[in-house]
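Q: I would like to learn how to read the features of a protein model. Could we go through one together?

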Amino acid sequence: MVIYNCSGISDIWMSFMKLSKNEEDPQRELNGSKPVTRSESFVKRWRRTAVTRCLKGETISTPRRRHSRSEDKYESDVQMLGDSCDKLPILHILALNALDLSAPASDILVKEKGPCEARRRIWIQLSGHPGSLTPAGPGTLWKRLHDCNESEMYEKLMKDSAVGIVPKFYRKLEFKGELFVEIRDLLYDFCDPYVLDIKMGTRTFLESEVSNNVARKDLYLKMKALDPSAPTPEEEKELAVTKLRYMTFREELSSTCEFGFRVEAMKLRGQPVSDLKKVRTKNELTQTFDRFFNGNPKIRRKMLERILDIRRQFENSSFFKSHEVVGSSILMIHDECKVGAWIIDFGKTRKLPDGVGVTHRNPWKPGNHEEGYLFGLDNLIDVVRSACPKK
């Protein structure tokens with residue numbers, strides 16, 4: 001788990017955006033003087049100064065407007081950085097400077113607001129590989145791409161009837177030789193939210209990932225480490241298992257195989273919850289959702305309505321009718337006032353071969369491309385209903 005203390009990033013970002021638009025000083029224009037424009041070169045110098053001060057642990061603030069005729073006077077404002085502003089570590093202005101991300105993944109970043117009036121932000125990465133997401137600006141994230149497939153899926157979804165149940169996609173971009181997508185930050189409008197990441201489907205691996213039938217000793221050792229009694233007598237004799245066998249075994253450890261979904265990660269008020277790896281029975285799932293809803297029947301009803309709407313839009317979508325959706329999640333969010341849920345993570349979504357159709361509910365067999373997404377969604381709805389108190 002990686003925790004970034006990023007208080008103030010929204011304010012700094014907004015300041016930078018204002019500077020970067022070459023805004024003219026309206027007061028100068030009212031006084032009859034020629035408006036002074038903040039040039040791109042000044043913005044770059046201000047940004048370098050801000051970064052340097054952050055690295056030194058000093059304070060920074062935005063340059064003040066001056067009614068002078070030259071950019072030199074604006075530059076003198078940079079020397080005043082530090083007045084009435086909290087100290088900001090370098091990670092606070094990550095979105096303003098070069099990104100240094102480490103690994104592509106389908107990650108969930110949970111933004112936890114501190115004092116809302118100060119618009120502070122604390123980012124906690126709950127699951128996945130660290131460094132795949134970073135704040136890009138107010139209300140958006142950059143997500144690192146492993147390949148172009150996910151951006152292509154987002155582009156298709158923006159033209160589909162199900163556009164309302166996925167994060168808004170803005171663009172694909174390249175930065176320092178790496179590819180990213182800029183998407184909506186789903187947590188931006190929530191204050192100190194409860195967050196639940198639900199991994200959907202009866203399988204979370206692509207068929208191409210398990211096509212090699214060669215038995216491997218390393219996978220056998222991993223299986224033994226998780227459950228010494230799991231290998232069959234034949235596997236014990238060979239001291240090896242295939243990747244398909246290992247991946248299926250891993251799915252069986254959670255509720256994935258039986259219910260078509262599993263609780264991947266959860267954050268309540270305060271700290272992320274870590275005791276979720278062996279949540280697999282319906283009673284355990286119901287108790288987990290009880291914790292997530294914090295005993296609030298109104299929030300539970302609103303979330304149930306949203307999940308029912310997601311299922312309806314999924315079933316009517318031409319996109320989802322023509323694609324297998326593997327390794328995707330439903331991200332559920334509430335702050336005891338507002339409720340939201342969206343389908344996220346499309347890195348393993350693939351277009352179905354010509355002539356092949358799926359129900360998203362039938363059991364998977366190699367070659368039929370079924371992934372059990374709707375089967376899992378049906379069971380998810382049933383569990384949410386069970387978590388709601390009966391009146």
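The dialogue below takes the features in turn.

Q: What kind of model is this, and how are residues numbered?
A: This is a predicted model, in which local features need pLDDT of at least 70 and side-chain atom pairs count only at pLDDT 80 or more, while totals for chains, interfaces and linings use all residues. Residues are numbered from 1 along each chain as its sequence is written, and side-chain values use heavy atoms, with hydrogens and water left out.

Q: How many helices and strands are there?
A: Helices (H or I, at least four residues) and strands (E, at least two) are DSSP runs, numbered from the N terminus. The protein has 13 helices and 14 strands.

Q: What percentage of the residues counts as buried?
A: Buried means under 20% relative accessible area, exposed over 50%, and partly exposed in between, with a 1.4 Å probe and protein chains only. Of the 391 residues, 49% count as buried.

Q: In what order do the five strands of the open sheet lie?
A: Strands of a sheet pair through backbone hydrogen bonds, either parallel or antiparallel. Here two strands pair if DSSP finds at least two bridges between them. The order of the open sheet is S10-S9-S8-S12-S13, with antiparallel pairing. Strands S10 (272-273) and S13 (339-344) are at the edges with a single partner strand each, so one side of each has no neighbour in the sheet.

Q: Which strands are bridged to S12?
A: S12 (residues 329-334) is joined by six bridges to S8 (residues 194-200), and the two run antiparallel. Within that pairing, Ile198 has Ile330 as its bridge partner, and Asp197 has Leu331. Six bridges also join S12 to S13, again antiparallel, with Ser329 standing opposite Ile344 in S13. The hairpin of S12 and S13 has four residues between the strands, and Glu336 in this hairpin takes a positive phi near 70 degrees.

Q: Which residues of S12 are buried on each face?
A: In a regular strand the side chains alternate between the two faces of the sheet. In S12, Ser329, Leu331 and Ile333 are buried on one side, and Ile330, Met332 and His334 are buried on the other.

Q: Which helix lies across S12 and S13, and at what angle to S13?
A: Axes are lines fitted to C-alpha atoms, for helices over the stretch in contact (heavy atoms within 4.5 Å), and angles run from 0 to 180 degrees between N-to-C directions. Helix H11 (residues 297-316) lies across S12 and S13 and runs at about 30 degrees to S13.

Q: What do the buried residues of helix H8 pack against?
A: In H8 (residues 243-252) the buried residues are Tyr246, Met247, Phe249 and Glu251. They pack against helix H6 (217-226), helix H9 (256-259) and strand S9 (261-267).

Q: How many aromatic pairs are there?
A: A pair of aromatic rings is described by the distance of the centres and the angle of the planes. Rings of Phe, Tyr and Trp (its six-membered ring) pair if their centres lie within 6.5 Å; planes under 30 degrees apart count as stacked, over 60 as edge-to-face and the rest as tilted. The count comes to 11 aromatic pairs. One of them is the stacked pair of Tyr154 and Phe169, at 5.8 Å centre to centre and 10 degrees between the planes. This pair links distant parts of the chain, with Tyr154 in helix H5 (residues 149-157) and Phe169 in strand S6 (residues 169-175), 15 residues apart. Tyr154 counts as buried because its relative accessibility is 1%, and Phe169 counts as buried at 11%. Phe292 and Phe293 form a tilted pair, at 5.2 Å centre to centre and 55 degrees between the planes, and both are buried.

Q: Which side chains does the side chain of Lys143 make a polar contact with?
A: A polar contact is a pair of N or O atoms within 3.5 Å; within protein, one must be able to donate a hydrogen and the other to accept it, and residues adjacent in sequence count only if both atoms are side-chain atoms. The side chain of Lys143 makes such contacts with the side chains of Glu150 (3.0 Å) and Asp345 (3.1 Å). Lys143 lies in strand S5 (residues 140-144) and counts as buried because its relative accessibility is 4%.

Q: Where does Gly372 lie?
A: Gly372 lies in the loop between strand S14 (350-351) and helix H13 (373-387). Its relative accessible area is 0%, so Gly372 is buried.
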